[in-house]
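Here is a short briefing on one protein model. Keep the sequence and the 3D view open as you read.

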Amino acid sequence: MPADRSSHPRIDTSRAHPARVYDWLLGGKDNYPVDEAVGEKLPPEARDAARQNRRFMHRAAAWLAGQGVDQFLDIGTGIPTEPNLHQIVQAVVPAAKVVYTDNDPIVLRHAETLLISGPEGATDYFQADVRDPGKIIDHARTVLDFGRPVALSLIALLHFLPDDQEPRAVVGELLSALPPGSYLVLSHAASDLHAEPAARVTAEYARAGIRLGFRTRSEVARFFDGLDLVEPGLVTATEWFRKDPAPAPEDSGIYAGVARLR
């Protein structure tokens, strides 16, 4: 399914964007000098966190597909980096459908060439901001069947919404549209694991005009209120494994969890 090209906002190369900084941290090439300038000032742990986030997404998506989940709504997609979410899940469930959403125009430029579904499934890209959840849900309904379980993926996204942007209300509105048996997949930067690197990251992003809202474990746990966390619960990204024995976890400053809607 083609990407939505109803509008073509100009890419602003004068200001850093989280998706492009993340791409730089992962070693990608789809970023600009302004994004690289931010990335180079971040502590080494930031690169580790980007890689750990990506690997958590791979494990969680593969596990969900193994449980029979065949519909995914991925918000804050970022610049595609193979393997992408649809490649992970369609390797398990070839007919799986994935809707990707991001607010960076550069993602739109890559969507049609890099977010291509297998022949039995479907992928779709929609440019939107998570702070407009109703718009995202309305579009997702044109692709996904909201009468059956959907996995909502919010990977390394919510720490870009400080408290005054009401991230819990945003997540609540998204979840309220999903049927029982759906899942929330979430990772979030921690403020209480490695305080000094977290403060440096927050300060460098702020200098680039990007506000962050890193949170404690208890604050991240509130996003899962009313849901049933699956094992191993809310842990660091490197500790989230569903196969035994898990390898020895790396140190991580990212919380991660998967939970089921009742």
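A residue counts as buried under 20% relative accessible area, as exposed over 50%, and as partly exposed in between, using a 1.4 Å probe and protein chains only. Helices (H or I, at least four residues) and strands (E, at least two) are DSSP runs, numbered from the N terminus. This is a predicted model: local features need pLDDT of at least 70, side-chain atom pairs count only at pLDDT 80 or more, and totals for chains, interfaces and linings use all residues. Residues are numbered from 1 along each chain as its sequence is written, and side-chain values use heavy atoms, with hydrogens and water left out.

**Helices with a buried face**

- In helix 2 (residues 33–41), the buried residues are D35, V38 and G39.
- Viewed down the axis of helix 2, these buried residues fall within an arc of 100 degrees, so they line one face of the helix. The arc is taken from the directions that run from the helix axis to the C-beta atoms.
- The face of helix 2 turned away from the buried side carries the exposed residues P33, E40 and K41.
- What do the buried residues of helix 2 pack against? They pack against helix 1 (18–25). Contact here means heavy atoms within 4.5 Å.
- Helix 6 (residues 133–140) has P133, I136, I137, H139 and A140 as its buried residues.
- Down the axis of helix 6, the buried residues fall within an arc of 165 degrees, so they line one face of the helix.
- The buried residues of helix 6 pack against strand 1 (71–75), strand 2 (97–102), strand 3 (122–127) and helix 7.

**Parallel strands**

- Two strands pair if DSSP finds at least two bridges between them.
- Strand 1 and strand 4 run parallel and are joined by three bridges. D74 has S153 in strand 4 as its bridge partner.
- Strand 1 also pairs with strand 2 in the parallel sense, over five bridges. F72 stands opposite V98 in strand 2.
- Strand 2 and strand 3 run parallel, with six bridges joining them. The bridge partner of D102 is Q127 in strand 3.
- Strand 4 pairs with strand 5 (residues 183–189) in the parallel sense, over five bridges. L152 stands opposite L184 in strand 5.

**Crossovers**

- A crossover is right-handed if, with the strands pointing away from the viewer, the path from the first strand over the helix to the second runs clockwise.
- Strand 1, helix 4 (residues 85–90) and strand 2 make a right-handed β-α-β unit.
- Strand 2, helix 5 (residues 105–114) and strand 3 make a right-handed unit of this kind.
- Strand 4, helix 7 and strand 5 form a right-handed β-α-β unit.

**Covered strands**

- Five of the five residues of strand 4 are buried, so strand 4 is largely enclosed by the rest of the structure.
- In a regular strand the side chains alternate between the two faces of the sheet.
- In strand 4, A151, S153 and I155 point one way, L152 and L154 point the other way, and all are buried.
- Strand 2 is mostly covered, with five of its six residues buried.
- A122 is in strand 3. A122 is buried, with a relative accessible area of 12%.
- Leaving out residues up to four places away in sequence, A122 touches Q90, A96, K97, V98 and S117.

**Aromatic rings**

- Rings of Phe, Tyr and Trp (its six-membered ring) pair if their centres lie within 6.5 Å; planes under 30 degrees apart count as stacked, over 60 as edge-to-face and the rest as tilted.
- How many aromatic pairs does this rule give? The count is four.
- F56 and W240 form an edge-to-face pair, at 5.6 Å centre to centre and 85 degrees between the planes.
- This pair links distant parts of the chain, 184 residues apart: F56 is in helix 3 (residues 44–66), and W240 is in the loop between strand 7 (235–236) and strand 8 (254–260). Both F56 and W240 are buried.
- The ring centres of F160 and Y205 are 5.9 Å apart and their planes are at 70 degrees, so this pair is edge-to-face.
- F56, W63, Y183 and W240 form one aromatic cluster.

**Charges over rings**

- A charge sits over a ring if NZ of Lys or CZ of Arg is within 6 Å of the ring centre and within 35 degrees of the ring normal.
- The charged end of R47 sits over the ring of W24, 4.4 Å from its centre.
- R59 lies over the face of F241, at 4.1 Å from the ring centre.
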